[in-house]
Amino acid sequence: MPSLSKADRQELLRLARQVVVEAVTLGHLPEKVPIDGVFAERSGVFVTLRRRHRLQGCIGVVEGSDTLGESIAHCAADAALHDPRFAPLQAEDLRDLEIEISLLSPPAPIDPARIEIGHHGLLISRGERRGLLLPQVAVEHKLTSEQFLDEACRKAQLPRQSWRDPGTQVLGFTCEVFGDDGAATPG
């Protein structure tokens, strides 16, 4: 998917905010989700919610099987209400809410030695276990490449260093990341 225009980013963020507000205050998704233009694209996407710069939810899909509009709607509502790491957002939480959207490139095998911190995200899998970390996680936590790989293994509920095992699949991807404040980082 090519890099988005500022207007497209704003439309996607507007949808995510509308969905979060309606999910939290009304208990349901909007009746209509846009399906034209950028909303018709297909891409892996994660919606990250923060309050006062603290993580409050992050849910996504790796493959874009639904339209971007549908994926953002479901991920935004789930991040607000169903991320098992956090209590569901309440109406009073909405005034401080920051929304970030990450659009993922298709994951592909990557040599662990070629991982670039801040550029690549990771998807580690072995059997039924999968762990995904967005590129910004390594930057926020000041991780080295090996620490980033270890943390992706931990998220997959695999032992650290499992990425070294031939039976473990290590995939990398890039993201186009943008948030409410209009700031964007190209992937």
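**View 1. Strand β1 and its two faces.** G44, F46, T48 and R50 point one way from β1, V45, V47, L49 and R51 point the other way, and all of them are buried (buried means under 20% relative accessible area, exposed over 50%, partly exposed in between, with a 1.4 Å probe and protein chains only). In a regular strand the side chains alternate between the two faces of the sheet. With eight of its eight residues buried, β1 is largely enclosed by the rest of the structure. This is a predicted model, where local features need pLDDT of at least 70 and side-chain atom pairs count only at pLDDT 80 or more, while totals for chains, interfaces and linings use all residues. Residues are numbered from 1 along each chain as its sequence is written, and side-chain values use heavy atoms, with hydrogens and water left out.

View 2. Helices here are DSSP runs of H or I with at least four residues, strands are runs of E with at least two, and both are numbered from the N terminus. Two strands pair if DSSP finds at least two bridges between them.

**View 3. The largest nonpolar core.** A nonpolar core is a set of buried Ala, Val, Leu, Ile, Met, Phe, Trp, Tyr and Cys residues joined through side-chain atoms within 4.5 Å. Which residues touch the most other members of the largest one? Of its 29 residues, they are L12, V20, L49, I72 and I101. The elements giving two or more residues to this core are α1 (6-26), β1, α2 (68-81) and β3 (97-104). Leaving out residues up to four places away in sequence, L49 touches a list that includes V20, A76, A80, L89 and I99 (contact means heavy atoms within 4.5 Å). Apart from this core lies another, of 15 residues, among them I124, L149, C153 and A156.

**View 4. V21 on helix α1.** V21 is found in helix α1. Is V21 buried, partly exposed or exposed? V21 is partly exposed, at a relative accessible area of 33%. Not counting residues up to four places away in sequence, V21 touches L26 and L94. V21 and L89 are 68 residues apart in sequence and 9.6 Å apart in space, C-alpha to C-alpha.

**View 5. A four-stranded open sheet.** The strand order is β4-β7-β5-β6, with antiparallel pairing. The edge strands, β4 (108-109) and β6, each pair on one side only. Two bridges join β4 to β7 (residues 169-173), and A108 stands opposite G172 in β7.

**View 6. The largest pocket.** About 760 Å³ of space lies in this pocket. A pocket, on a 1 Å grid over the protein atoms alone, is an open set of points where a 1.4 Å probe fits, with protein on both sides within 12 Å along at least five of seven lines, and lining residues have an atom within 4 Å of a point. The volume is the space filled by probe spheres set on the points. There are 28 lining residues, and R85, L132, L133, V137 and K155 lie nearest the centre. The largest share of the lining, five residues, comes from β2.
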